[in-house]
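Subject: Structure for your review

Dear colleague,

Please find below the sequence and structure that I am handing over to you. My findings follow directly after them.

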Amino acid sequence: MGTELICLAIAAIGGLLMSRLTKLLNLPAVTAYLVAGLLLGPYCLGALGISGFGFQSMEQVEAQRLLTQTALGFIAFSMGNEFRLAQLKNMGSKAIFIGIVQAVVTTLLVDAILVGLHLAFPSVLSLSSALVLGAIASATAPAATLMVINQYKARGPLTDILLPIVALDDAVGLVVFAVSSGIARALISGTVSIVSLLVNPVVEIFGSLLLGAALGWVFSLVEKFFNSGSKRLSLAVAFVIICAALSKLRFHFEGGLEIGFSSLLVTMMCSCIFCNLCDFSEEIMHKTERWTAPIYVLFFVISGAELDLTIFGNLAVVGIGVAYILSRSAGKIFGANVSAKLTRCEPTICKYLGITLLPQAGVALGMSVVVAAEFGEAGAIIRNIVLFSVLIYELVGPLLTKMALTAAGEIKPKPDVKRGQV
């Protein structure tokens with residue numbers, strides 16, 4: 001136990017130190033945490049066999065699943081905060097339409113490309129894996145995009161519509177993921193029927209939303225009994241854990257009907273209802289975000305350590321990873337362009353919006369954690385492809401976002417002030 005705790009401490013410190021290096025390159029912190037995890041993983045420093053210094057085996061990495069599941073719950077919990085009624089009213093129909101369409105188009109395009117690769121390499125990529133990767137492709141990384149906007153003080157119509165879209169994008173992605181993962185489970189189990197392919201995924205979505213709404217309502221009632229900020233924070237942590245625990249429930253009925261829940265949807269809906277019912281929810285959400293900062297660091301470092309480098313010795317897997325990145329990029333750009341034109345947005349929005357939606361991180365990694373836990377060997381391949389793509393996207397995504405906003409005229413170049421000139 002002592003060795004494991006030292007390993008976690010080194011993982012956190014290593015991630016934070018790496019973030020200082022990546023800051024010099026203007027890269028997001030999540031990139032630093034993933035690279036630190038990769039270095040501390042069983043295929044780099046962990047392979048040295050020094051006790052407590054790095055993760056020496058995949059089993060040791062997987063032993064931290066409770067921590068990663070907790071972090072996953074808080075990622076979904078923070079998403080619910082983005083869907084307050086006041087914010088939804090300000091979002092506008094254009095942003096909602098574009099957010100939904102570009103996510104669905106991305107999923108369909110990635111599915112089409114990867115299903116084709118499944119037909120070409122059935123032993124490397126299963127049909128269920130192709131469908132799940134398509135769903136994961138819809139998610140973006142709001143943090144990286146917001147970092148660029150704030151750092152360069154971007155202002156203009158593209159920035160204005162981008163902010164609500166990135167907030168909505170992950171919620172749409174979670175719904176798409178629930179449908180695709182439900183179909184994938186049916187394909188893996190071999191019990192393919194109308195009920196397993198269509199009814200069960202829909203039941204999972206609505207069941208998750210109802211369960212999350214009920215928990216959010218109870219949370220808002222119980223929270224009123226406490227005035228201390230620390231106790232309210234503790235209760236928030238308890239409800240996130242309750243959401244994750246109840247999401248594991250499965251009910252089976254005759255005819256193949258199954259009632260299951262998505263932990264991401266349940267937790268997000270719980271947070272959403274709580275934030276709209278509780279008067280002091282903003283204070284609690286702010287404290288929760290500060291409290292969870294070290295958990296997020298460990299989550300991303302552990303995610304980086306899970307990247308199995310040996311799998312990239314298989315050229316077919318590398319090809320699938322590249323195909324995923326290219327098809328997702330094309331889906332985001334094309335979907336945003338078409339939907340922006342349909343809503344008669346300005347030319348600069350139609351041209352550059354899709355590029356700003358390329359970064360991918362937290363929610364996509366969270367989805368891959370769920371898949372890795374449920375889909376066995378196929379889940380491990382999906383996890384590695386997503387980790388590989390996140391590293392690429394987090395390296396180039398912020399740079400492309402900056403270039404797009406600059407080209408759109410919403411990042412103003414600094415004036416060239418000559419020496420001696422006032």
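A residue is called buried when its relative accessible area is under 20%, exposed when that area is over 50%, and partly exposed in between. Leu-400 has a relative accessible area of 31%, so this residue counts as partly exposed. Please bear in mind throughout that this is a predicted model.

**The surface patch**

Leu-400 is found in helix α17, which covers residues 376-407. Together with Ile-392, Leu-395, Val-396, Leu-399 and Met-403, Leu-400 makes a nonpolar surface patch of about 470 Å².

As a general background, nonpolar side chains tend to be buried together in soluble globular proteins. In this model, the largest nonpolar core has 97 residues, and the members that touch the most others are Leu-114, Ile-136 and Tyr-324. Helix α13 (residues 293-305) supplies the largest share of this core, namely nine residues. Apart from this core lies another one of 22 residues, which includes Ala-95, Ile-165, Ala-336 and Cys-350.

Which residues does Leu-114 contact, once its neighbours within four places in sequence are left aside? They are Leu-125, Ala-130, Leu-133, Ile-320, Ala-323 and Tyr-324.

**The salt bridge**

How many salt bridges does the model contain? The count comes to one. The partners are Lys-287 and Glu-283, whose closest N and O atoms are 3.2 Å apart. Both residues belong to helix α12 (residues 281-291), where they are four residues apart, or about one turn of the helix. An α-helix has 3.6 residues a turn, so residues three or four places apart point the same way. Are these two partners buried, exposed or partly exposed? Lys-287 has a relative accessibility of 31% and is therefore partly exposed. Glu-283, at 37%, is likewise partly exposed.

**Helix α8**

Helix α8 spans residues 157-189 and contains Val-176. Val-176 has a relative accessibility of 17%, and therefore counts as buried. Leaving out residues up to four places away in sequence, Val-176 touches Thr-107 and Ala-135. The C-alpha atoms of Val-176 and Val-104 are 7.8 Å apart in space, although the two residues are 72 residues apart in sequence.

Gly-182 lies in helix α8 as well. With a relative accessibility of 9%, Gly-182 is buried. Its C-alpha atom is separated by 4.9 Å from that of Pro-201, which is 19 residues apart from Gly-182 along the chain.

Helix α4 (residues 65-80) has 16 residues. From its first C-alpha to its last, helix α4 reaches 23 Å, which is close to the 22 Å expected at 1.5 Å a residue. Among the buried residues of helix α4 are Leu-72, Phe-74, Ile-75, Phe-77 and Met-79, and the list also includes Thr-68 and Gln-69.

Helix α11 comprises residues 263-277, and Ser-263 lies in it. Is Ser-263 buried or exposed? Its relative accessible area is 18%, so Ser-263 is buried. Ser-263 touches Ser-247 and Val-370, not counting residues up to four places away in sequence.

Yours sincerely

Notes. Residues numbered from 1 in each chain as written. Predicted model: local features only at pLDDT ≥ 70, side-chain atom pairs only at ≥ 80, totals over all residues. Heavy atoms only, no water. Salt bridge = Lys/Arg side-chain N within 4 Å of Asp/Glu carboxyl O. Helix = DSSP H or I, 4+ residues; strand = E, 2+ residues; numbered from the N terminus. Buried < 20%, exposed > 50% of the residue type's maximum accessible area, 1.4 Å probe, protein only. Contact = heavy atoms within 4.5 Å. Expected span 1.5 Å × (residues − 1). Patch = residues over 30% accessible without salt bridge, like charges linked within 9 Å, V, L, I, M, F, W, Y side chains within 5 Å. Areas by Shrake-Rupley, 256 points an atom, 1.4 Å probe, with all protein chains shown as cover. Core = buried A, V, L, I, M, F, W, Y, C linked by side-chain atoms within 4.5 Å.
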